[in-house]
Amino acid sequence: MSQQIPYKIYLEESELPAQWYNVRSDMKNKPAPLLNPGTLQPITLEELTPIFCEELARQELDDTTAYIDIPEEIQSFYKMYRPSPLTRAYFLEKALDTPAHIYYKFEGNNTSGSHKLNSAIAQAYYAKKEGLKGVTTETGAGQWGTALSMACSYFDLDCQVYMVKVSYEQKPFRREVMRTYGASVTPSPSMNTNVGRKINEEFPGTTGSLGCAISEAVEAATTQEGYRYVLGSVLSQVLLHQSVIGLETKAALDKYGIKPDMIIGCAGGGSNLGGLISPFAGEMLRGEADYKIIAVEPASCPSLTRGKYMYDFCDTGKVCPLAKMYTLGSGFIPSANHAGGLRYHGMSSVVSQLYDDGYLEARSVEQTSVFQAAQQFARVEGILPAPESSHAIRVAIDEALKCKETGEAKTIVFGLTGTGYFDMVAYQKYNDGDMSDYIPTDEDIAASLSALPNVD
Ligand SMILES: *Cc1c(COP(=O)(O)O)cnc(C)c1O
């Protein structure tokens, strides 16, 4: 019975998913519909298509089709960097002296350094197929912008990226990767858009936020002929594309008859977590299996653990549709946390609904303990993890240490979303002992939640 599990479980090309899985199809309580910000009525396909490509708008609204074919061109692009390895963390288990079996699915093996390319290539593909000239988007830390610029250069599409000003200034290398792939990168808030000019006027000297960059990118898309807006997280279409992570993970585990007890992922907008857990959550929803699923978020931006489940704006400028989600309020500005990809005020409405229905739990962790886990992992497993990914490592280690106490050999799977080479300033702060843990007070959160729109 005890077949030796290899250090890395790969899949053959023939075993790679040919379809994405739409977890919404198996949810009894569907995620609440997006609302038109003007009328507050559920948004229609016609209203979405000026913003999104038509096929992507369809995917956004489709909560019944279980499996959606991955177009050939996307499957073939995926083969450039997929399957991503599912690795048995033998060295980490040994270092922790735990009976737990730990596996991680590593998405950092491409130039963008994260899972974001899985959805970027799909979104660029549909834009190209629709005959568009280009796409606009925002990027915070830069991973999404990088992934999208790679995808756009592959399909020869123009790519306009609004990059949160503070990151634009602090992360010149990410900016140059994007420019190398042909994208134009504008610091946000900029003077290119009405909303950018307005924010600059209201808050002179502001270094920007993700919500503000989204508003600018949406405006840029809707005011240029042949352009649409694309988004790297939060949306249900993005979770759909990211289901490739979970499908591969499940196929690899099934090959060796491994059934996880626990699945852990970091949660910013919820796309990698949603993608990783989709096939497993599907089994839970259909009553076929049970797993403990844990979403990990930073204590500085705790939307699931301390936010409210309400309709809210997805962006600061309030031009995007409203989504019902766990949110801290679209005006919430998280403190300077080094996990840029986890600094969003809300959470995917799919993940929010699954959480509200009790299919997953959430935990928040503090930044210094996250970097301690990152360092421990890097030293034994040979990968320098992204700060975002290290949130999942933190909780995986905590759970493995619990197993050490109880003597249980639980099987833990976590998502290792990316590499941290562009985050060395954060590592430097940690190494110098200069890292702080800022946690918002109840008053901070209450103030930001008090500005939520009044919609049920
Ligand atoms: C963007 C990002 C995240 C968080 O985004 P989700 O949509 O929550 O997955 C996590 N890890 C990395 C490396 C990222 O780039």
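α3 (72-81) and α11 (236-255) each supply at least two residues of the lining of the second largest cavity. Helices here (H or I, at least four residues) and strands (E, at least two) are DSSP runs, numbered from the N terminus. This is a predicted model, in which local features need pLDDT of at least 70, side-chain atom pairs count only at pLDDT 80 or more, and totals for chains, interfaces and linings use all residues. Residues are numbered from 1 along each chain as its sequence is written, and side-chain values use heavy atoms, with hydrogens and water left out.

Stay with the second largest cavity. Its lining consists of Leu16, Pro17, Gln75, Tyr78, Lys79, Arg82, Val244 and Glu248. α3 gives the most, with 3 residues. The volume is about 70 Å³. By class, the lining divides into 4 nonpolar, 1 polar and 3 charged residues. Ala, Val, Leu, Ile, Met, Phe, Trp, Tyr, Cys and Pro count as nonpolar, Asp, Glu, Lys and Arg as charged, and the others, Gly among them, as polar.

Some terms are needed here. Rolling a probe the size of a water molecule over the atoms shows where empty space is left. On a 1 Å grid over the protein atoms alone, a cavity is a set of points where a 1.4 Å probe fits but cannot get out; a pocket is an open set with protein on both sides within 12 Å along at least five of seven lines; lining residues have an atom within 4 Å of a point. Grid points are joined across faces, edges and corners, and a volume is the space filled by probe spheres set on the points.

The structure holds 5 cavities of 30 Å³ or more. The largest cavity has about 430 Å³ of space. Its lining counts 36 residues, and Lys116, Ser233, Gly340, Gly341 and Leu342 lie nearest its centre. Two or more lining residues come from each of β6 (134-139), α6 (143-155), α10 (210-222), α12 (271-285) and α16 (387-406). The lining has 10 nonpolar, 21 polar and 5 charged residues.

What takes up the space of the largest cavity? The ligand does; a molecule sits in a cavity or pocket if more than half of its atoms lie within 2 Å of its grid points. The ligand is surrounded by 18 residues, the closest being Lys116, Ser233, Gly268, Ser271 and Asn272. To count as near, a residue needs a heavy atom within 4 Å. This shell has 4 nonpolar, 12 polar and 2 charged residues.

Now look at the polar contacts (pairs of N or O atoms within 3.5 Å). An N or O atom in the side chain of Lys116 is 2.5 Å from an oxygen atom of the ligand. For Asn272, the side-chain distance to a ligand oxygen is 2.7 Å. Thr417 places a polar side-chain atom 2.7 Å from a nitrogen atom of the ligand. Taken alone the ligand exposes 390 Å², and the protein buries 98% of that. These areas come from the Shrake-Rupley method with a 1.4 Å probe.

Turn next to the open spaces. The second largest pocket holds about 330 Å³. It is lined by 26 residues, and Ala32, Leu34, Glu60, Ser236 and Ser349 lie nearest its centre. α2 (54-61) and β13 (322-327) are the elements that give two or more residues to this lining. The class count is 19 nonpolar, 3 polar and 4 charged residues.

Finally, the backbone. Most residues other than glycine have a negative phi, and most peptide bonds are trans. Arg82 and Pro83 are joined by a cis peptide bond, with omega about 0°. Pro83 lies in the loop between α3 and β4 (86-88). Arg82 also lines the second largest cavity. Another cis peptide bond joins Ser188 and Pro189, with omega about 5°. Pro189 is in the loop between β8 (184-188) and α9 (194-202). Leu40 has a positive phi, near 60°. Leu40 is in the loop between β2 (19-21) and α1 (45-48).

Technical notes:
A polar contact is a pair of N or O atoms within 3.5 Å; within protein, one must be able to donate a hydrogen and the other to accept it, and residues adjacent in sequence count only if both atoms are side-chain atoms.
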